[in-house]
Amino acid sequence: MKQHLLAMLSALAVAACGNGGGGSHAQSGDGGGGNAGFDASLRGPREPAHPNGATSLGSVMDATTGPDDATTATMDATGSEEASGDGGLTTGPQSCGFSPCAPGQPCPDLTADPDALIGSLTQITRTFTPTDCAIVEGCVVTPGTRKLLLFDTATENIGNADLTVGDPTQNACFLWSDCHMHYHFRGVAQYTLYQADGVTVAAVGHKQGFCLEDVDPIPTLNPPPANPATPYDCNNQGLHVGWEDDYGAGLDCQWIDVTDVPPGAYIVSILVNAQHFLPESNYDNNEIRAQVTIR
């Protein structure tokens, strides 16, 4: 269970709505010293094998790279969405082969855990070479020593139906990463650092890896949900009602590069399922925010 440093920071919930096994999706990454408060117990991920003919991130990059690239979606009469933003990319569950939620029927509802964000915020410096996966896949643009704001992303299913994703080898929205040797899902989450006004963008990031599975019961639920008879995992992905999937701050791309951000007070935002690729009953609670001071 995460150690939440609630006295250090305050969460600002806003009205706008993971890789691993048996614990948080986490790995030690490529380094980074001087990271006080960093979770040293991060566990390594389980990953499905790379099938023949899988799409590679070498040719198709993650569609969600921050607010500047965000597509603007419009809902049609069937409940699907079409993008009017860059490149004509479609959004909505049907673009990934899922069915939108039917009105009034049980449906998943995703949000993020603000306590996980608050309790994990850490600033470190880390040096990247041109061949590091974070450089190859665009999580850091420039090699060299960078200053990073690290944090956990814990995605929760607070709806009244399980989210079933299934086999990543059979879904067009999963892209194979030759560098990380696992699948990435387009548009998992986007990270934004805002100025203190909560509107002006200071820096952006995006979540790269993806294996949506049952990691922990949502910690605020009392009583907690029962253990699933068949938990979701990296080979059959999904999220049961009342469960969360946790990506630890030690994973590649679990950060915003703040090298060029002046010291001061800011607001960090996590927006999960930003392009509505996964079906939900409510997309208006997908964002959480927290105050942070960049040193």
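Predicted model: local features only at pLDDT ≥ 70, side-chain atom pairs only at ≥ 80, totals over all residues.
In general, strands of a sheet pair through backbone hydrogen bonds, either parallel or antiparallel. Strand 5 and strand 6 (residues 144-150) are joined in the antiparallel sense over 7 bridges. To find one of these on screen, look for Gln123, whose bridge partner in strand 6 is Leu149.

**Backbone details in the loops**

The peptide bond from Asn222 to Pro223 is cis, with omega near 5°. Pro223 is found in the loop between strand 13 (216-217) and strand 14 (237-239).

Two residues other than glycine have a positive phi: for Cys253 the value is near 75°, and for Asn273 it is near 50°. Cys253 belongs to the loop between strand 15 (243-247) and strand 16, while Asn273 lies in the loop between strand 17 (264-272) and strand 18 (287-294).

**Aromatic rings and a charge**

A pair of aromatic rings is described by the distance of the centres and the angle of the planes. The model has 2 aromatic pairs. In one of them, Phe151 and Tyr191 have ring centres 4.8 Å apart and planes at 85°, so the pair is edge-to-face. This pair links distant parts of the chain, 40 residues apart: Phe151 sits in the loop between strand 6 and strand 7 (153-157), and Tyr191 in strand 11 (residues 189-195). Phe151 is buried, at 0% relative accessibility, and Tyr191 is buried at 0% as well.

Another ring to visit is that of Tyr194, because the charged end of Arg289 sits over this ring, 4.3 Å from its centre, where within 6 Å is the distance required.

**Glu287 and its polar partners**

Arg289 also leads us to Glu287, as a polar contact joins their side chains. Glu287 is found in strand 18 and is buried, with a relative accessible area of 10%. The side chain of Glu287 makes a polar contact with the side chain of Ser269 too.

| Side chain | Partner side chain | Polar contact |
|---|---|---|
| Glu287 | Ser269 | 2.5 Å |
| Glu287 | Arg289 | 3.0 Å |
| Thr200 | Asp197 | 2.7 Å |

**Around Thr200**

The last stop is Thr200, in the loop between strand 11 and strand 12 (201-206). Thr200 counts as partly exposed, at 38% relative accessibility. Which residues does Thr200 touch, not counting residues up to four places away in sequence? They are Leu193, Tyr194 and Gln195. Finally, Thr200 and Ile267 are 67 residues apart in sequence and 10.0 Å apart in space, C-alpha to C-alpha.

Technical notes
Residues numbered from 1 in each chain as written. Heavy atoms only, no water. Pairing = 2+ DSSP bridges. Helix = DSSP H or I, 4+ residues; strand = E, 2+ residues; numbered from the N terminus. Phe/Tyr/Trp six-rings, centres within 6.5 Å; stacked < 30°, edge-to-face > 60°. Buried < 20%, exposed > 50% of the residue type's maximum accessible area, 1.4 Å probe, protein only. Lys NZ or Arg CZ within 6 Å of the ring centre and 35° of its normal. Polar contact = N/O pair within 3.5 Å; in protein donor to acceptor, adjacent residues only side chain to side chain. Contact = heavy atoms within 4.5 Å.
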